[in-house]
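Here's a quick briefing to read with the model open beside you.

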Amino acid sequence: MLNNTHAHDKIKEKYIRFLKLERSASPNTIDAYIRDVQKLFDYVEAEGKDVTEVSLTDLQTFAATLHDIGICPRSQCRILSGVRSLFRFLVLDGYISDDPTELLESPVLGEHLPEYLTTDEIDVLEDSIDLSIPEGHRNRAIIEVLFSCGLRVSELVNLQWSQLYPDEHYVRVFGKGGKERLVPISDRALKEIDNYMPWRNSLKIKPGEEAYIFLNRRGSHLTRTMILIMLKRQAEEAGIQKTISPHTLRHSFATALLEGGADLRVIQAMLGHENIGTTEIYTHLSMQTLREEILLHHPRNIKYRKENDGNV
């Protein structure tokens with residue numbers, strides 16, 4: 001067991017270097033991959049095996065174990081994706097000659113439509129902010145930038161002044177894997193940033209934090225958790241019943257664009273999706289909204305509701 005653990009630690013070190021240098025993976029992505037593959041290492045060590053000796057049968061049993069301990073299908077898929085990545089590395093680095101994950105199946109997922117807010121709900125959310133509190137204008141600017149630009153929360157907390165081009169109305173964003181994209185920014189979002197500036201200028205900014213746009217009271221750039229807590233608290237204040245997160249505003253951005261007539265390829269570029277299939281989820285959202293509108297406003301349905309209401 002001890003020898004296996006030591007060997008696995010060496011493999012993990014090399015795998016991390018591979019993700020950094022060959023895949024240009026971000027620190028957050030690397031942390032997520034290592035957390036997931038650690039579950040496999042723990043499993044094979046408990047079985048007294050080395051990861052390089054693992055067979056397809058072992059992996060199928062491991063996958064079944066994930067289900068048995070109550071991990072949801074979506075998380076199972078993510079873990080198994082990390083396991084596949086690890087074994088591709090083991091083949092490339094010469095640890096093994098054949099990849100046992102080639103025939104490993106992931107659980108079937110039902111269609112999941114992400115939660116999103118309408119433009120009216122975004123307005124309600126922003127209007128509920130108490131602008132008399134010190135960070136009120138900052139929070140309003142954060143919500144508007146997330147909704148107007150469709151940024152990931154990691155992109156927002158790392159956003160620096162050098163990435164903002166107000167005269168040209170765009171933001172230079174560094175997404176997953178350090179990939180760069182240009183995203184338009186609205187006059188409304190720029191105005192909210194301007195309104196936030198007096199409070200920001202009053203802060204005692206910590207050395208090395210000056211470049212970041214959004215700061216906390218202590219003069220340091222924000223974390224993803226801070227943004228999540230702020231949004232959940234604000235949604236409660238606004239009386240919004242939906243469960244929201246920073247990603248909800250990204251979904252809201254994409255849905256608003258699609259409903260406004262934007263081409264799916266344009267939305268893909270704005271979101272920084274590598275695969276158009278990832279962006280296509282928003283067509284389902286749009287169709288869902290269309291279906292609800294038809295059911296609500298079609299004259300046959302209106303007449304049916306009136307007739308049935310009269311019989312109640």
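Helices (H or I, at least four residues) and strands (E, at least two) are DSSP runs, numbered from the N terminus. By that count, the protein chain has 14 helices and three strands. This is a predicted model, so local features need pLDDT of at least 70 and side-chain atom pairs count only at pLDDT 80 or more, while totals for chains, interfaces and linings use all residues. Residues are numbered from 1 along each chain as its sequence is written, and side-chain values use heavy atoms, with hydrogens and water left out.

**The chain as a whole**
- Buried means under 20% relative accessible area (1.4 Å probe, protein chains only), and 42% of the 312 residues of the protein chain count as buried.
- Take the contacts (heavy atoms within 4.5 Å) with a separation of 6 or more: residues 24 or more positions apart account for 57% of them.

**The second largest pocket**
- A pocket here is an open set of points on a 1 Å grid over the protein atoms alone, where a 1.4 Å probe fits, with protein on both sides within 12 Å along at least five of seven lines; lining residues have an atom within 4 Å of a point.
- About 370 Å³ of space lies in the second largest pocket, where volume is the space filled by probe spheres set on the points, joined across faces, edges and corners.
- The lining has 18 residues, and Glu135, Arg138, Asn139, Met230 and Arg233 are the closest to the pocket's centre.
- By class, the lining has seven nonpolar (Ala, Val, Leu, Ile, Met, Phe, Trp, Tyr, Cys and Pro), seven charged (Asp, Glu, Lys and Arg) and four polar residues (the others, Gly among them).

**Ile227**
- Ile227 sits in helix α9 and is buried, with a relative accessible area of 1%.
- Beyond its neighbours within four places in sequence, Ile227 is in contact with Ile142, Leu146, Val153, Leu156, Val157, Leu222 and Pro246.
- Ile227 and Leu156 are 71 residues apart in sequence, yet their C-alpha atoms are 9.5 Å apart in space.

**Thr248**
- Thr248 is in helix α10 (residues 246–259) and counts as buried at 4% relative accessibility.
- Not counting residues up to four places away in sequence, Thr248 touches Glu115, Tyr116, Leu117 and Thr243.

Key: Buried means under 20% relative accessible area, exposed over 50%, partly exposed in between (1.4 Å probe, protein chains only).
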